[in-house]
Amino acid sequence: MPQEQYSHHRSTMPSSEGPHIYKVGIYGWRKRCLYFFVLLLMILILVNLAMTIWILKVMNFTIDGMGNLRITEKGLKLEGDSEFLQPLYAKEIQSRPGNALYFKSARNVTVNILNDQTKVLTRLVTGPKAVEAYGKKFEVKTVSGKLLFSADDSEVVVGAERLRVLGAEGTVFPKSIETPNVRADPFKELRLESPTRSLVMEAPKGVEINAEAGNMEATCRSELRLESKDGEIKLDAAKIKLPRLPRGSYTPTGTRQKVFEVCVCANGRLFLSQAGTGSTCQINTSVCL
């Protein structure tokens, strides 16, 4: 009982100390630093927003794309000139209808065709000095699909109806050539020559040399041989001239003859002999030696 009275008496006694006040918030230098960081953050947000708006305006960002680049249902549509600093990978590249497609480069333009293992199968290189194509076969066709030119390791095929060579020195074939017809352009000369070796023309059914509106010349340094193994050689012309045949020295009358007869030696050599009342070939047999 005395203990209860003491506790009640203690609780009812007036306190001599004043009430305690606790301050809530940030004051002093902490408050100033907080305001400074908030202000700096607002400035950065405004600068970032302004830069974003400026980039969107300069790059011309729209709902359809960016600048000259448009996003369509079929892919990307690029208008104007474009510059690619890194390799470009695309399934199909085409120009606008009615416009040309140009590829420009300071050094070269290389087009590679790769397989599934990224191995180069075909390569086209257009450089400042040459245009090079690498592949197993090279073909040039018309719009209708007709083959004009084809080249591979085994052969080169020209499918055009006519092959024209416009070079001043003509065409050099290191090996043989097979063709059904060789002719020059109208009013132009056709020359077949081999400067250091022989020239052979062969055909199982015959070789025809025809000059419809001009002369035909065959010139050689040593011998010109016309040989027919199973047939004959025909010289069909209104006039046949052999101006450089050797002449015999037989002159029985002592006058200069203008009429001669053609004689043939046993070895096939031809010579001229002065005509007489009879044959004078046997008299000039010394030419055959």
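Mentor: Happy to. Let me begin with the chain as a whole: among its contacts with a separation of 6 or more, 10% are between residues 24 or more positions apart. Please keep in mind that this is a predicted model. The protein chain has 289 residues, of which 6% count as buried.

Now to the pocket you asked about. The second largest pocket has a volume of about 2,300 Å³, and 40 residues line it. If you want to find its centre on screen, look for Phe 84, Leu 88, Ile 93, Leu 101 and Phe 103, the lining residues that lie nearest to that point. Sorted by class, the lining of this pocket holds 19 nonpolar, 12 polar and nine charged residues.

Domain 1 (26–82) and domain 2 (84–170) each contribute at least three residues to the lining of the second largest pocket. As for strands, S3 and strand S4 (109–114) each supply at least two lining residues. S4 gives the most, with six residues.

Three strands form an open sheet in the order S1-S2-S3, and their pairing is antiparallel. Strand S1 (65–66) and strand S3 (76–78) are the edge strands, each pairing on one side only. Strand S2, residues 69–71, pairs with S3 in the antiparallel sense over three bridges. To see how the two strands line up, find Leu 69, which stands opposite Leu 78 in S3. So S3, an edge strand of this sheet, is also a strand that supplies at least two residues of the pocket lining.

Ser 150 is placed in strand S8, residues 147–151. Ser 150 counts as buried because its relative accessibility is 5%, and the cut-off for buried is under 20%. Setting aside its neighbours within four places in sequence, Ser 150 is in contact with Lys 137, Phe 138 and Glu 139, and also with Glu 155, Val 156 and Val 157.

Notes
Residues are numbered from 1 along each chain as its sequence is written. This is a predicted model: local features need pLDDT of at least 70, side-chain atom pairs count only at pLDDT 80 or more; totals for chains, interfaces and linings use all residues. Side-chain values use heavy atoms; hydrogens and water are left out. Two strands pair if DSSP finds at least two bridges between them. Helices (H or I, at least four residues) and strands (E, at least two) are DSSP runs, numbered from the N terminus. On a 1 Å grid over the protein atoms alone, a cavity is a set of points where a 1.4 Å probe fits but cannot get out, and a pocket is an open set with protein on both sides within 12 Å along at least five of seven lines; lining residues have an atom within 4 Å of a point. Grid points are joined across faces, edges and corners, and a volume is the space filled by probe spheres set on the points. Ala, Val, Leu, Ile, Met, Phe, Trp, Tyr, Cys and Pro count as nonpolar, Asp, Glu, Lys and Arg as charged, and the others, Gly among them, as polar. Domain bounds come from an automatic or database domain assignment. Buried means under 20% relative accessible area, exposed over 50%, partly exposed in between (1.4 Å probe, protein chains only). Contact means heavy atoms within 4.5 Å.
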